[in-house]
Amino acid sequence: MSKNIQQIKSLIKKECSKGLIADWFFSVHLLGVEKFAKWLLSKLPKANKEIVMLGVWLHDLQRIRGLKGDHQKIGAREAEKVMKQFGYNKLTIDKVQKIILSHSCFNDQKPKTVEGKILATADAMAHYHNDFYLQIAVTGQRSLKGYKEWVLEKLDRNYNVKICFPFAKKKIKARHDLFKKVFTMK
Ligand SMILES: [Fe+2]
Ligand SMILES: [Fe+2]
């Protein structure tokens, strides 16, 4: 991991402890995305590691900084500020912003580059390997019915849209089927 990436990881860890986001977000979500991004990079060695890892640490800045507005757009704007602080050039900043803008894979915002696909895939895979859904459940923000609907929509988008590589889908399938079973039980 480059020195910059290490420093950005520390900066984000510090920001996550400021109380604007749930205390588990760094350890449960971001470390999960890091783990799967590294796994995907090992399978896709031609991808640009620096772009992917910048995306890993900076893609959820809108949430981490507790900012209102579009998750992707505000996230990309905040990411630019951090990258400028670290002296990244315009080309790198543009590439990272693009993968942040497409990381949720909403309608017309699908990732086009391998780096964008890795970020979206890792972001989705992370939710299958820890207690993310339980952490959200205990916040009590939704009714049980509303919560189940929210989870099922997220599971479907994660598995069918965000996981861009068939080999990654294969790795997740058993867990995806199990989660679906649990959340459709009456
Ligand atoms: Fe996100
Ligand atoms: Fe994320």
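Axes here are lines fitted to C-alpha atoms, for helices over the stretch in contact, and the angles between N-to-C directions run from 0 to 180 degrees. Helices are DSSP runs of H or I with at least four residues, numbered from the N terminus. The model is predicted: local features need pLDDT of at least 70 and side-chain atom pairs count only at pLDDT 80 or more, while totals for chains, interfaces and linings use all residues. Residues are numbered from 1 along each chain as its sequence is written, and chains are lettered from A and ligands numbered from 1 in the order in which they are written.

| Pair | Angle between axes | Distance between axes |
|---|---|---|
| H3 and H6 | about 55° | 9 Å |
| H2 and H7 | about 130° | 8 Å |

H3 and H6 are therefore oblique to each other, a class left over once angles under 35 degrees are called roughly parallel, over 145 roughly antiparallel and 65 to 115 roughly perpendicular. H3 passes H6 in a right-handed crossing, meaning that the near helix is turned clockwise from the far one by less than a right angle. Ile 51, Leu 54, Gly 55 and Leu 58 of H3 meet Thr 92, Lys 95, Val 96, Ile 99 and Ile 100 of H6, a contact being two C-beta atoms, placed from the backbone, within 7 Å.

Helix H3 (residues 49-58) has eight of its ten residues buried, so it is largely enclosed by the rest of the structure; buried requires 20 or more other C-beta atoms within 10 Å of a residue's own. The buried residues run through Ile 51, Val 52, Met 53, Leu 54, Gly 55, Val 56, Trp 57 and Leu 58, and their cover includes H1, H2, H4, H5, H6 and H7.

Helix H2 (residues 25-43) and helix H7 (residues 114-126) form the other pair, and H2 and H7 are likewise oblique to each other, with H2 passing H7 in a right-handed crossing. Among the residues that make this contact are Phe 36 and Ala 37 of H2 and Leu 119, Ala 122 and Met 125 of H7.

The largest nonpolar core has 41 residues, and those with the most contacts inside it are Ala 37, Val 56, Val 96, Leu 119, Ala 122 and Met 125; such a core is a set of buried Ala, Val, Leu, Ile, Met, Phe, Trp, Tyr and Cys residues joined through C-beta atoms within 7 Å. Met 125 touches Phe 36, Ile 163, Ala 168 and Ile 172, leaving aside residues up to four places away in sequence.

Note on methods: Helix = DSSP H or I, 4+ residues; strand = E, 2+ residues; numbered from the N terminus. Buried ≥ 20, exposed ≤ 12 C-beta atoms within 10 Å, placed from the backbone.
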